[in-house]
Every structure is written in C-alpha cells, then in structure tokens.
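User: I'd like to learn how to read charged patches and ring pairs in a structure. Can you walk me through this one?

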Amino acid sequence: AGKYYQHAPTETSQATLASVSPVFAVMKFDKEGNTTYFEKKKTELYQELGLQARDLRFQHVMSIATRNNRIIMRMEFLKAVITPEFLLILDYRNLSLEHWLLNELASQLAGEGQLVTYSLPFEFRAIEAILQYWISKLQGRLNTLQPQIIETLEALVDPKLLSVDRSKLHILLQNGKSLSELETDVKVFKETILEILDEEEVIEELCLSKWTDPQVFEESTSGIDHAEEMELLLENYYRQAEDLLNEARELRVLIDDSESIIFINLDSHRNVMMRLNLQLTMGTFSVSLFGLIGVAFGMNLESSLEEDPRIFWLVTGIMFLGSGLMWRRLLSFLGRHLEPPLPPHVPAVLKKSQPASGRVEIKTSLKGETFGLSRGTLTNQ
C-alpha cells in the first residue's frame, strides 16, 4: 500500500503533463507542392521526426540547425522543419502567413515559382523559399519606412519654418525606432547565415539528400558539388542582407544629418531673435538716456524757459535726435563685433615663391639621393 501510495502521484503528474502538452497546427508540403493540414501534440511530433523536445521549443529566435538528418529553421515567429521528402510549417495560424503559404510557397516548391534551386534537391528549394520570404519581408519594411522618413525630414528641414512641428518630430521618433528594429533584425539574419558559412561541416549537413539518396550522392561526387551550391545559396542571401543593411544605414545617416540641419536652423532663428532683442534694448537705453532732459524740464521748477513756446519743440527735437544718434552708434558698434573677421591677406609674391622653393628643395633632395652626393658637395657645385 505504501508503494502504491508513493507511485500514484507520479503517474497522475505524467498523465496531466501529457494532457496539457502543446498541440501544433502543422502545414505539410511535399515535393509536388501538395498541402495537408493536421494538428499533433509536441511529444508525438518530435518522436515521429526523430528529434528532441528542445528542437521544437517555442523560441522567437533566428537559427538554422540540423538534427538527425532534419533541418530546423527558426525565423522568429516562422518555424519550419525540412526533410528530404517534405516541409513542415509549425504554428502557422494567426501569423499572417496564410497568403504566402497558400499562394506562393506551394507553387515555388512545385517548380512554378522563380526559385533558382528548382533543379537541385527538395531541401534547397525549401531553404531558398523561406530565406526569400524573410528577406522580402525585411525589404518591405524598409520600403514602407523610407518614404515616410524622407517626407518627414523634408518638412522639418525647411528653412522657412521658424519653429519645428512637434507632431512631425513624434513621427520621426517612431520611424527612427522602427528603423533601429529593422537594422537589428537584418544584423541577426546576417549573423545567422554567416555562422553557417564559417562552418564547412554544417554546410555539408544541410545537404540532406546527399546522404540519403544514392543518385544525389553520385552527382555530388562526380559533377555537381551540392555543398558548394548550398554555400552559394547562402552567400546570395547574405549579400542581399548586406545591401539591405547598407540602405538602412544610409537612411540613418540621413536622419542624423537632418537633425544637425534642424538644430542649425533653430540656432540661427534663436540668434536672430537675440540680436533683435539686443537692438531693442539699445534703443530703449538711448531713449531713456535723453529722456532725462524731458524729466528735468518736467519738474516743477520756475525758470524763464517755460514761457517761450519754442522751447518745447527744441527740447523734444534734441531728445529724438540724440536718441537716434546714440542708437545708430550702438548698432554700428554691435555690427563690428558680431561680424566674422576677414582672413589675413597673403601677398601675391609670397604665394608664388613658396611652391617654387618647395620644388627646388624636392629636386635637390632627389638629386642628392640619386647620385649619392652630400649636401656640401651640392653647395660647392
């Protein structure tokens, strides 16, 4: 009874784990492009494929690996298992993959598409179809971002604008984040392919039919080197990813340059406003200084000048004339100190003499090195 009591929880836990084992929605493609759908538990699926449980783990990473004559491709949300006879797409639902799977992938595997590797074994077609889909997805993201970023930058860099539209800056910030995410995805895609290109054994393992089909093995040993074809296939998509990354970098440089231009325009407008404020301050100072005359005459002091009607116009004219002359003087002082200094003048004779002397020294040194003569000998001659 004690033994039964100890083993009962273990059997119950195993039954519970088997009941809650994740179920894969699988789409299967054969060599002719025929498609079948089915659902299968993870435990049953990896046992049928001869894989380990960790090989079908839910990981949104990017990797290409071989296990037991099977190719496991993870392109973030896209998970595929490739064999010499068929291709399995796991968890294809709710991933916006139905259009590509139904309308493009089946025809490409059957030879109706534009795959370069159609004359090669089935795994070549499957790998190229998945890589082509992923690189086209990355290219589509860049094609969507590029016109938006350029349009936003053109609106922000306009020198006629005295202020920057905050809504445009918000759009540029969001597009910049999307561009950074795109650059990261392209770099990960490049590094994944580069890891395979650096390992010759992995490239050999990707050629599944070479080790299972005797006819393919004979072709590989006699004429067609399937490992070399696989390497060329991966290098092709590595170059496409490199070109895509260069376009994204150019767009990033354009954003950085435009930000510098925006800051320069804002600094220029700020300097104009500061100079205008300084001019108005000088004008206020000039008027206030000569306004002391009016203040002095406005005091309740008895003199003979207030009896003359022309004194008002005379004092007012002196105030306005003095204020204007002082303001003009201050503005000229401000202009002299704000204008950039002129470059020093170089005489024409000095400009002509410097290259000539340089040529003479070069010729003399060359002659001395060529004929093995010392400087003293050349001076005597």
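User: Which helices each supply at least two residues of the negative patch?

Analyst: Keep in mind that this is a predicted model. Helix 5 (166-197), helix 6 (200-206) and helix 9 (226-297) each give at least two residues to the negative patch. Its members include Glu191, Glu195, Asp198, Glu205 and Glu231.

User: Where does Asp225 lie?

Analyst: Asp225, another member of the patch, sits in the loop between helix 8 (214-222) and helix 9. Its relative accessibility is 31%, so Asp225 counts as partly exposed. Patch residues need over 30%.

User: On to the rings. How is a pair of aromatic rings described?

Analyst: You look at the distance of the centres and the angle of the planes. Here you'll find 2 aromatic pairs. Take Phe77 and Trp134: 5.5 Å centre to centre with 55° between the planes, a tilted pair. Phe77 is in the loop between strand 4 (70-75) and strand 5 (78-82) while Trp134 is in helix 4 (residues 122-156), so this pair ties together parts 57 residues apart in sequence. Both Phe77 and Trp134 are buried.

User: Why is the pair of Trp100 and Tyr133 stacked?

Analyst: Planes under 30 degrees apart count as stacked. The Trp100 and Tyr133 planes are at 20°, with ring centres 4.2 Å apart, so that pair is stacked. Trp100 belongs to helix 3 (residues 98-110) and Tyr133 to helix 4, so the pair ties together parts that are 33 residues apart in sequence.

User: Are Trp100 and Tyr133 buried or exposed?

Analyst: Trp100 is buried, and Tyr133 is too.

Note on methods:
Residues are numbered from 1 along each chain as its sequence is written. This is a predicted model: local features need pLDDT of at least 70, side-chain atom pairs count only at pLDDT 80 or more; totals for chains, interfaces and linings use all residues. Side-chain values use heavy atoms; hydrogens and water are left out. Patches are made of residues with over 30% relative accessible area and no salt bridge: like charges are joined within 9 Å, nonpolar side chains (Val, Leu, Ile, Met, Phe, Trp, Tyr) within 5 Å. Accessible areas come from the Shrake-Rupley method with a 1.4 Å probe; for residues, only the protein chains shown count as cover. A salt bridge is a side-chain nitrogen of Lys or Arg within 4 Å of a carboxyl oxygen of Asp or Glu. Lys and Arg count as positive and Asp and Glu as negative; His and the chain ends are not counted. The place of a charge is taken as NZ of Lys, CZ of Arg, CG of Asp or CD of Glu. Helices (H or I, at least four residues) and strands (E, at least two) are DSSP runs, numbered from the N terminus. Buried means under 20% relative accessible area, exposed over 50%, partly exposed in between (1.4 Å probe, protein chains only). Rings of Phe, Tyr and Trp (its six-membered ring) pair if their centres lie within 6.5 Å; planes under 30 degrees apart count as stacked, over 60 as edge-to-face and the rest as tilted.
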